Structure formats: C-alpha cells, structure tokens
Amino acid sequence: MVRTIDWVDGAVEIIDQTELPARTVTRRLSTVDELVAAIRALAVRGAPALGVAGALGVALAARQYRDAALAGAVHRLETARPTAVNLARGVRRAAARLADGPDAVLAEALAVRDEEIASSAAMAARGADLVTELCGPAPRLLTHCNTGGLATVVGGTALGVIAELHRRGALGGVVASETRPLLQGARLTAWELGQLGVAYQVAVDGAGPFLMARGMVDAVIVGADRICANGDVVNKVGTYAHALGAQRAGIPFLVVAPESTVDASTPTGGDVEIEDRPADEVFAFGGRRVVPDGAAAINPAFDITPHDLVTAIVTDRRTLRPPY
Ligand code: MRU
C-alpha cells in the first residue's frame, strides 16, 4: 500500500488529496511553510495523518531554523488547524526532542508514523470483531467523511474496519455520505473503497437518517478528530446528524479512533475549538458558485456528538462503552 504521508530523502511526501479522485499526485514538501499550506488546504488531512504531518514538520523545522525562527515554525505547525488533537500532539511530541538535535527529532517523528500504522491494524481487527458481535454476519454500514489510509498513513480507522470486514467476507454493504462541502466521502472514501474492491453507494449527507429509518443501514461507523474525557466525539460536520438518526432508528453508532485521538485533558466537546472554514467552500459546488450575490455562509468544519449517542468507541487498545 502507498503511504499517504512519509519522510523521503529529507522531505515530507504526501498524496495530494485535493487532486483525488481525478489524479493521484505525490507532492514533495521541503519547507515548513509548504507543509503548513498543505495542511490548511486539506492536501493532507484526517486526524492521524495530521499528527504524522505535524511531527514530520518539526523534523523539517529542526533542519531549517534555529532559536526564535525555530519556535515560530513549530508554532505555525501546531496551529495550522485547531480541532484534531493529533496535530498539536504530534508537533509537541517531536518538539520535545529538539534539544537532542535534528536526528532525534526525526526519529521521534518516524515513531509517530510507525505507531499510527500499527494502530490502524489493531483497530481494524478490534472494530471488525465488534461490528460482527453487534450486527451479525453481513451488516450494511454507513460511514461519514474519509477515515481510510488517506486519513492515517495506511489502513485507516472506521474505513479500516470496513476493509477488514470485507476481507473476512462479513460485510453486507457500505453507504458513504458525501460530506459537504469538501466531499471527503464522495471523493476520497469512494476512491478508497473502489481501490479495495468494496461495493458502495454514495448518498447525500441529508439522506443518512432517512436510510436508517427505512432499515437500510445496520450501523453507523465513523472516525474522530478528538475524543473528550466524557466520551463526546468531535468529528466532521454531519456526524451529529447521523448519530441522531442512528439513535432514532435504534442502530449502533460506533466510533473508531487511535489512542492518539483520545484527549483526556479536554473535559467535554464544548471545550474544543471548532475550525471555521472559508465561506466560499459552501458557496461552490463542483468549482461553480451556486448561491446568489450577497449570500452569507457559516461553515463549521466539525461538530460534536454527545457521548450519550455513542454506542462504543474502539481504539487500538480498548473498546470503550458507556458510561465513558
Ligand atoms: O477536515 P478533515 O478532512 O481533516 O476531517 C477529517 C475527519 O473529520 C475524519 O473523520 C477524522 O479525522 C478521522 S480520520 C481517521
């Protein structure tokens, strides 16, 4: 499997996710500012991948800057996006080795990468076991946003579980919700499912709760950008609506995320900064402006699913169930 992000010959290499599914483009990022711009543009995205990006970014910074300039570069990386805890965590972990020199920083960043790869494999097995236990042998799953290898390094979180169920012959179907406005579901999840040979249907975001009410979905399975101490789940905007739909339909709502996304120091979802993205993401569809002149927009990139809507949280080490 190709890695979404890696360290190659002294630079960070990513698959540019803004180009998918039309083209698979590898981009080489050799400066901190190129990497920060790629993070902001969602060329590299998804909580675990952001953690690796942040850590590798500090490895770049350690080679390029000293003193105040180095501290500034670390700060730009840490604050490139606010919501996924992995980014700041990856940056801080690598930055803690700065006093030991650039090689020590790089070794720490590569450890972050390798741990995310190992986590994906562990979550896939644990999550697949849980889905089969809760839903039986051929469940039809709905997933939101993109949580596959593109969002991690290889493998994935929720999509890694779906891939594992497919490998086991224990998957009844997949609905990928399109994930407005940047279409991580329609563009990226659909592309990854196609690569895996998994049959899927793309649905508009608003269809999810209705499909659940009609008995066409057996469980919802998503990733997370941050899991708070009380079990509140911060994830791509639209997740909360799917959780409400799942509760109403009486089906499991499952969250799959590595321990690196669990943030015990943040008490509740209400304590998390939710990223506001530019209005023009909402105004456009397929690159064409669709709203009248003078329109305003509100564009939160994430929402908060309260813990009481979450059936279980699967990490690489644990399966958490209420009360969280
Ligand atoms: O804005 P994005 O595309 O970075 O948001 C990503 C998500 O919300 C994912 O669901 C989450 O990071 C989990 S990825 C394994």
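The model is predicted, so local features need pLDDT of at least 70 and side-chain atom pairs count only at pLDDT 80 or more, while totals for chains, interfaces and linings use all residues. Residues are numbered from 1 along each chain as its sequence is written, and side-chain values use heavy atoms, with hydrogens and water left out.

The domain assignment gives domain 1 (5-116) and domain 2 (125-320). Such bounds come from an automatic or database domain assignment. The C-alpha centres of domain 1 and domain 2 lie 24 Å apart. In all, 24 residues of domain 1 are in contact with 29 residues of domain 2. Contact means heavy atoms within 4.5 Å.

Helices and strands are DSSP runs, numbered from the N terminus (helices: H or I, at least four residues; strands: E, at least two). Two strands pair if DSSP finds at least two bridges between them. Seven strands form an open sheet with mixed pairing, in the order β6-β5-β4-β7-β10-β15-β16. Its edges are β6 (201-203) and β16 (319-320), each with a single partner strand, so one side of each has no neighbour in the sheet. Within this sheet, β4 (residues 140-144) and β7 (residues 219-222) pair in the parallel sense over two bridges. Here L141 stands opposite A219 in β7. Helix α7 (residues 184-196) lies across β4, β5 (173-177) and β6, and runs at about 155° to β5. Axes are lines fitted to C-alpha atoms, for helices over the stretch in contact, and angles run from 0 to 180 degrees between N-to-C directions.

Another open sheet holds four strands in the order β11-β8-β9-β14, again with mixed pairing. The edge strands are β11 (262-263) and β14 (302-305); each has a single partner strand, so one side of each is left without a neighbour in the sheet. Strand β9 (residues 233-236) pairs with β14 in the antiparallel sense over four bridges. The bridge partner of V234 in β14 is I304. Helix α9 (residues 239-249) lies across β9 and β14, at about 30° to β14.

Helices also pack against each other. Helix α4 (residues 85-95) and helix α5 (residues 102-135) meet at an angle of about 145°, with their axes 8 Å apart. From α4, the contact uses N86, R93 and A94; from α5, it uses V105, E108, A111, V112, E115 and E116. By class, these contact residues are four nonpolar, one polar and four charged. Ala, Val, Leu, Ile, Met, Phe, Trp, Tyr, Cys and Pro count as nonpolar, Asp, Glu, Lys and Arg as charged, and the others, Gly among them, as polar.

A cavity is a set of points where a 1.4 Å probe fits but cannot get out; a pocket is an open set with protein on both sides within 12 Å along at least five of seven lines; lining residues have an atom within 4 Å of a point. Grid points are joined across faces, edges and corners, and a volume is the space filled by probe spheres set on the points.

The count comes to two cavities of 30 Å³ or more. The largest cavity holds about 180 Å³ of space. It is lined by 24 residues, of which R45, G46, A47, N146 and D225 are the closest to its centre. Helix α2 gives the most to this lining, with three residues. Both domain 1 and domain 2 give residues to the lining of the largest cavity, so it lies between them. The second largest cavity holds about 50 Å³. Its lining includes L42, R180, P181 and K236.

The largest pocket holds about 280 Å³ of space. Of its 15 lining residues, T18, P181, L182, L183 and R187 are the closest to its centre. Domain 1 and domain 2 each give at least three residues to this lining.

Some backbone features remain. Most residues other than glycine have a negative phi, and most peptide bonds are trans. The bond joining L20 and P21 is cis, with omega about 5°. P21 lies in the loop between β2 (11-15) and β3 (26-29). The peptide bond from R180 to P181 is also cis, with omega near 0°. P181 lies in the loop between β5 and α7. D9 has a positive phi, near 50°. D9 sits in the loop between β1 (5-8) and β2.

Note on methods:
1 Å grid on protein atoms, 1.4 Å probe; cavity = no way out; pocket = protein on both sides within 12 Å on 5 of 7 lines; lining within 4 Å.
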